[in-house]
Amino acid sequence: MKQTLPSVLEFLPAKVLVQAHLQVLSPEMIAVTISNRWWTDPALKEHLDPPPIDRAWDWNEMEIEYEGKLLASEKVGVLTDDGEIQGAMLVSAEPVPSLLVPSESALFVELLFTAPRNRSILRRDGRKYFGGVGPELLRWAAMFSQELGCHGRLKLDASPDYLGWYKHLGFTQLAVEPMLFEGVQYTPMELPLDAVAKISTDPTTPRQGTSR
């Protein structure tokens, strides 16, 4: 997989598309651009109550644990031309079993988050900022899945607030018990083969209702 991939995001205040790129993040990039800048952005409210779940995360320490095993993974971000990381995720570099097609495999996606500046609930002005971050990160993950022989299949555990969002993108809710973590119920989901094309849509084609 290429270390960088062209991308396009929507700058929502002006309703225009802007050039961006997807990139595997180095520890230095994470330290400078996420750790030092995500939560010090002047656009954010002074007091965040309750604090967002990712407020105290050190992305350099985050790993994917799957069924009691740590998976090798990549940390991937989508960056605008000013060098700011507008969102990030972890995606496994090791396949995990597909539940929709037991003879096949998928890659596992974890911690898919848009930058705090893009979350209207955290902003002083209450406005959305860059949109399309989540779909672009998932596009990279699907392409990585194809490269590793998983045909674009992805698995993840969806938080309650984004269950419908993932369904809209084509993910299927799996017939297994939800995962409970710190009092929150996460729903296991998988991207089936027939939905890979939707995730892999050319980024210059606007995806309606998919801003995250």
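**View 1. Ser145 sits in helix H2.** Ser145 counts as buried because its relative accessibility is 0%; buried means under 20% relative accessible area, exposed over 50%, and partly exposed in between (1.4 Å probe, protein chains only). This is a predicted model, in which local features need pLDDT of at least 70 and side-chain atom pairs count only at pLDDT 80 or more, while totals for chains, interfaces and linings use all residues. Residues are numbered from 1 along each chain as its sequence is written, and side-chain values use heavy atoms, with hydrogens and water left out. Helices (H or I, at least four residues) and strands (E, at least two) are DSSP runs, numbered from the N terminus. Which residues does Ser145 contact, leaving aside its neighbours within four places in sequence? They are Leu107, Cys150, His151, Gly152, Arg153 and Leu154. Contact means heavy atoms within 4.5 Å.

**View 2. Helix H2 covers residues 133–147.** Twelve of its 15 residues are buried, so H2 is largely enclosed by the rest of the structure. Among the buried residues are Val133, Glu136, Leu138, Arg139, Trp140 and Phe144. The expected span of a helix is 1.5 Å times one less than its number of residues. Gly149 follows H2 and has a positive phi, near 85 degrees.

**View 3. Leu138 and Phe171 touch the most other members of the largest nonpolar core.** This core holds 34 residues. H2 supplies its largest share, seven residues. A nonpolar core is a set of buried Ala, Val, Leu, Ile, Met, Phe, Trp, Tyr and Cys residues joined through side-chain atoms within 4.5 Å. In soluble globular proteins, nonpolar side chains tend to be buried together. Beyond its neighbours within four places in sequence, Phe171 is in contact with Leu138, Leu154, Leu156, Tyr166, Met189, Glu190, Leu191, Pro192 and Ile199. A second, separate core has 22 residues, including Met29, Ile30, Leu44 and Trp59.

**View 4. Helix H1 (residues 27–35) has four named buried residues: Met29, Ile30, Thr33 and Ile34.** Seen down the axis of H1, they fall within an arc of 100 degrees, so they line one face of the helix. The arc is that of the directions from the helix axis to the C-beta atoms. An α-helix has 3.6 residues a turn, so residues three or four places apart point the same way. What do the buried residues of H1 pack against? Their partners are strand E2 (16–24), strand E5 (73–80) and strand E6 (85–92).

**View 5. Phe11 and Phe130 form a tilted aromatic pair.** A search of the whole structure finds eleven aromatic pairs. Rings of Phe, Tyr and Trp (its six-membered ring) pair if their centres lie within 6.5 Å; planes under 30 degrees apart count as stacked, over 60 as edge-to-face and the rest as tilted. Here the centres are 5.2 Å apart and the planes meet at 50 degrees. The pair links distant parts of the chain, with Phe11 in strand E1 (residues 4–11) and Phe130 in strand E9 (residues 130–131), 119 residues apart. Phe11 is partly exposed at 21% relative accessibility. Phe130 is buried, with a relative accessible area of 10%.

**View 6. Trp38 and Trp59 pair edge-to-face.** Their centres are 6.1 Å apart, with 75 degrees between the planes. Both lie in the loop between H1 and strand E3 (64–66), 21 residues apart. Trp38 and Trp59 are buried. Ring pairs link Trp38, Trp57, Trp59 and Phe113 into a cluster.

**View 7. Arg123 lies over the face of Tyr129.** The distance from the ring centre is 4.5 Å. A charge sits over a ring if NZ of Lys or CZ of Arg is within 6 Å of the ring centre and within 35 degrees of the ring normal.

View 8. The peptide bond from Asp49 to Pro50 is cis, with omega near 0 degrees. Pro50 is found in the loop between H1 and E3. Lys15 is not a glycine, yet its phi is positive, near 55 degrees. Lys15 lies in the loop between E1 and E2 and is exposed, with a relative accessible area of 71%. Leu111, also not a glycine, has a positive phi of about 55 degrees. Leu111 belongs to strand E8 (residues 105–114) and is buried, with a relative accessible area of 16%.
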